[in-house]
Amino acid sequence: MFPILFQTEQVTVYTYGFTMAITLIGLYFLASKKLSHSPLSEQNLTIIAFLAVLSIWFGGWIWFVGDQWLHAKSSSDAWHQVQLAINVTHLARTDTFPIVLLFGGLLLGYCRLVHLAFWRVLDFLLPFFVLGYGVQRAFGCFSAGCCYGAPTDLPWAVQFPYTFGVGPTPGILVHPTQLYMAASAFLTLLILKYFPRCGVKSGRISGIAMMGIFGGYFVTFFFRGDQGTLLPFLWGMNIRQVFAAIAFLMGLALTLWATFKHDPLQAEHDALRAKD
């Protein structure tokens, strides 16, 4: 694994950040080629891309500041910890759930502002985000050593060298959980593409994508070595697993709702197919 892509006396390029930057640029390019099949204009896509970058940059930081406040022993200590957290070095703390929550809120607000159908926009965007999630886990996280697995002696176990404190102890065999999460993302893409066709009912693609990503995240977390604080009153799960379970159930509910609700666009689509 290669946490540093290349390094000079003046510049260090980390694989994680480089992978994220290239992935975001690539996803924007791919999405722009599919705009004719979406409710978005090029201007809409550019603004949404900006909101995505904003969410990645600030989402984890907001979570970090909130965590510092909650774990402070007193109000004065809490304010001191928050002041320490308000530092550029704590920006871009990429934590999945605060990024998802912030982006979802910003996207909903933007869709309401410019009168776009939120679920149709999300249906268009989510396959690209699932692809980006898989690429980032497979290359960014796996190269950096973050989101690492618990020790194991399975044949596909991996060892990480020095990972700047974000990975497991060097030399210990661990589960390649980064690749597990990447595999769940790529499997989700295959399901969206081939089994079965999702039709045009708004919300169904989003629901399936949510089930695939968060279901995979929930299962993979049982094999993670960086589980953090576990919650005894929630069967020993980590708070992130709880969020993943909730998101999975929301995806299931959305899929069922989208499948059985009447959608005028779906009816028009079925009528055209019947004429053919």
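Student: How many aromatic pairs does the structure hold?

Tutor: Keep in mind that this is a predicted model. The structure holds seven aromatic pairs. Let's take two of them. Phe 118 and Trp 119 make an edge-to-face pair, with 5.0 Å from centre to centre and 65° between the planes. That angle counts as edge-to-face because the cut-off is over 60 degrees. Of these two residues, Phe 118 is buried, at 18% relative accessible area, while Trp 119 is partly exposed, at 32%.

Now go to Tyr 217 and Phe 221. Their ring centres are 5.6 Å apart and the planes meet at 35°, so this pair is tilted. Both residues are tucked away: Tyr 217 is buried with a relative accessible area of 4%, and Phe 221 is buried with 1%.

Fourteen of its 17 residues are buried, so helix 7 is largely enclosed by the rest of the structure.

One last stop, the cysteines. The structure has zero disulfides. Take Cys 141: its closest cysteine sulfur belongs to Cys 146, 3.8 Å away, which is too far for a bond, because a disulfide needs the sulfurs within 2.5 Å. Cys 141 is buried at 3% relative accessibility, and Cys 146 is buried at 14%.

Key:
Residues are numbered from 1 along each chain as its sequence is written. This is a predicted model: local features need pLDDT of at least 70, side-chain atom pairs count only at pLDDT 80 or more; totals for chains, interfaces and linings use all residues. Side-chain values use heavy atoms; hydrogens and water are left out. Buried means under 20% relative accessible area, exposed over 50%, partly exposed in between (1.4 Å probe, protein chains only). Helices (H or I, at least four residues) and strands (E, at least two) are DSSP runs, numbered from the N terminus. Rings of Phe, Tyr and Trp (its six-membered ring) pair if their centres lie within 6.5 Å; planes under 30 degrees apart count as stacked, over 60 as edge-to-face and the rest as tilted.
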